[in-house]
Each structure stands twice: as structure tokens, then as C-alpha cells.
Amino acid sequence: MEPRFACTACGKCCHGLLPLTLTDAVAHAVRFPLALVWTVVRSNAKSYDLATRLGTSVRLPNRKTVAVLIQPTAYLPNHFPCPALQPDNLCGIHADKPSRCRTMPFYPYREEKDQADLLVPRKGWECDVSAEAPVVYRNHAILDRKDFDRERAELLEQAPVMRTYADYVLKYMPWIVNDLAKMAAAPAGGKLVTSLSSFLTATRRTDARELAAAQAPLMQAMAERTRTDPALADFHRNYAGWAKEMERLAQRG
């Protein structure tokens, strides 16, 4: 049976971390608190070769090499809704929403032939996969591929920038290699989060001050929202620290 899928606007996928292209992260810097999320892809993974093209390769202390994806990300706790999600579960920026949202449920960090299981709704999600929904995937190929291709193209285009950032981080924060090694050894993998300020410093963007000025109040607001919840202590610590970094960057001459 051919996979069918249609969005019902239940809003269930509009919560938590949202990976963005670099273009979308910059465009929505006034809306999303931003971080860089590192994910290790082991050499035996299906998507390893693609991950080396979209990310970077890192040699670990045990001499094994892994691919590492570094994603600009809207940094939100899992149960926090997207800031653009309206009370009626519709997107408040539908005409201008990020590529990641347009491409759902497909995922350009995987090869196109490995997308089928993404069409099975997660528990609690209300995606329409009935016989009335349109066929969206056939013979391991995406039928309407415009959004998928656009997001993939943006990821390939930004890959050199992400490698520059990785080189900077691994040079000035070498202990991160040990963190990546722990993630590679863990059965469930894991994610490493670094700050937008380190990215702006490493890549020397000419719009760094403007981006920092947009981010500072968002980080301050998120620090306040997460201040009293012990389960969100890591988020609160990052938001509070990054708010100060953004304020300093915004004030640089």
C-alpha cells in the first residue's frame, strides 16, 4: 500500500526544538531563541555519508570517526509551543514559515529512499494517513519534492559555514570532542548544545550585532519563563547565560 499523508493542523509537531536552516534562523531571529545543536551520526548509520556532506567529520579519542550535524535550532523545551503557534493550532506565520515546517513530515537529513517510516504519525499526533489522504511517497521517492529539495539545497549551501564553526569550536573548546565521544558511545546518542554567540564570533558575521540585539530580549524572556521549574534548569541556565552574551555582543562597537 502506498503511504498517504495529510496535515490536520493538530499542532502536535509544533513543540520543542525546531531545527532550522541558517537562512531561516537569521530570518526569524526576532521570534525564536536560537542555539546550535550538535548530533553525532555513527559510521554504521544509513545517513552517515549524507551527514558528512551536510555536517562535518570528527575524529574521536578512540580513533573512530563520526559525522556531526550542527543545526541552527529554535531552542525550546519539549512541551513549549512554537512562538508562532496560535490558540487555534494554526501557524501564525504560515506564508513565511521555515523550510523545516514546510517539508514535514519528510526530513532532508535522511536520504530520500529512507523516508517511509516518517509517514507513520507519532503517538498522540493526528496526521491523516487514511485512504482519503493523498499519496505522497511512491517507490522510495517523494512525489511533491519542491520543499524537500529547497531545504536540502539550503543545508548543502550552508555546510561550509558549519564546518568553519566546528573547526573554531574544536580548536577553542577541545573538551567538546570528549562530549561527542560520550554521545557516540551512548545507545541513545544525545545532543550537544552550543550558543549562538560562539557561532557569531566564529563566523564573524557582519550582522552579528543586529542578531544579538534581536536575541537578547528573547533569551531574557525565556530565562524568566523557565526560572522556577527544576526540570528546566539546564534550559534556564543556558537562556540566562546567553542573554548576557547577547547583550554584550549587541553593545560592541
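Reader: How many residues of β2 are buried?

Author: 8 of the 8 residues of β2 are buried, so the strand is mostly covered. Buried means under 20% relative accessible area, exposed means over 50%, and partly exposed lies in between, with a 1.4 Å probe and protein chains only. Strands are DSSP runs of E with at least two residues, helices are runs of H or I with at least four, and both are numbered from the N terminus.

Reader: What kind of model is this, and how are residues numbered?

Author: This is a predicted model, in which local features need pLDDT of at least 70 and side-chain atom pairs count only at pLDDT 80 or more, while totals for chains, interfaces and linings use all residues. Residues are numbered from 1 along each chain as its sequence is written, and side-chain values use heavy atoms, with hydrogens and water left out.

Reader: Back to β2. Which residues are on each side?

Author: Leu34, Leu36, Trp38 and Val40 lie on one side, with Ala35, Val37, Thr39 and Val41 on the other. Both faces are covered.

Reader: Which strands are joined to β2?

Author: β2 runs antiparallel to β4, with 8 bridges joining them, and Leu34 has Ala74 of β4 as its bridge partner. β2 is also antiparallel to strand β7 (residues 191-195), through 5 bridges, and there Val37 stands opposite Val193. Two strands count as paired if DSSP finds at least two bridges between them.

Reader: In what sense do β3 and β4 pair?

Author: β3 and strand β4 (residues 65-74) are antiparallel, with 4 bridges. Ser57 stands opposite Ala67 in β4. The two strands form a hairpin with 5 residues between them, and Arg63 in the turn has a positive phi of about 75 degrees.

Reader: Changing topic: how many cavities are there of 30 Å³ or more?

Author: The count is 2. A cavity here is a set of points, on a 1 Å grid over the protein atoms alone, where a 1.4 Å probe fits but cannot get out; lining residues have an atom within 4 Å of a point. Grid points are joined across faces, edges and corners, and a volume is the space filled by probe spheres set on the points.

Reader: What lines the largest cavity?

Author: The largest cavity holds about 80 Å³ of space. Its lining includes Leu22, Val26, Met162, Phe199 and Arg205. The elements giving two or more residues to that lining are α1 (22-27), β2 (34-41) and α6 (196-203), and α1 has the largest share, 3 residues. The lining divides into 10 nonpolar, no polar and 1 charged residues. Nonpolar covers Ala, Val, Leu, Ile, Met, Phe, Trp, Tyr, Cys and Pro, charged covers Asp, Glu, Lys and Arg, and the others, Gly among them, are polar.

Reader: And the second largest cavity, which residues line it?

Author: The second largest cavity has about 40 Å³ of space and is lined by Leu54, Leu69, Ile70, Tyr109, Leu155, Gln158 and Met162. By class, these are 6 nonpolar, 1 polar and no charged residues. α4 gives the most to this lining, with 3 residues.

Reader: How many residues has the largest nonpolar core?

Author: The largest nonpolar core has 53 residues, and Trp38 and Leu180 have the most contacts inside it. Such a core is a set of buried Ala, Val, Leu, Ile, Met, Phe, Trp, Tyr and Cys residues joined through side-chain atoms within 4.5 Å. The largest share of this core, 8 residues, comes from α7.

Reader: What does Leu180 touch?

Author: Not counting residues up to four places away in sequence, Leu180 touches Trp38, Val40, Val58, Leu60, Val68 and Leu192. Contact means heavy atoms within 4.5 Å.

Reader: Lastly, is Arg138 buried or partly exposed?

Author: Arg138, in strand β5 (residues 137-138), is partly exposed, with a relative accessible area of 36%. Arg138 touches Glu2 and Leu143, again leaving out residues up to four places away in sequence. The C-alpha atoms of Arg138 and Pro3 are separated by 7.4 Å, although these residues are 135 residues apart along the chain.

How values were computed: 1 Å grid on protein atoms, 1.4 Å probe; cavity = no way out; pocket = protein on both sides within 12 Å on 5 of 7 lines; lining within 4 Å.
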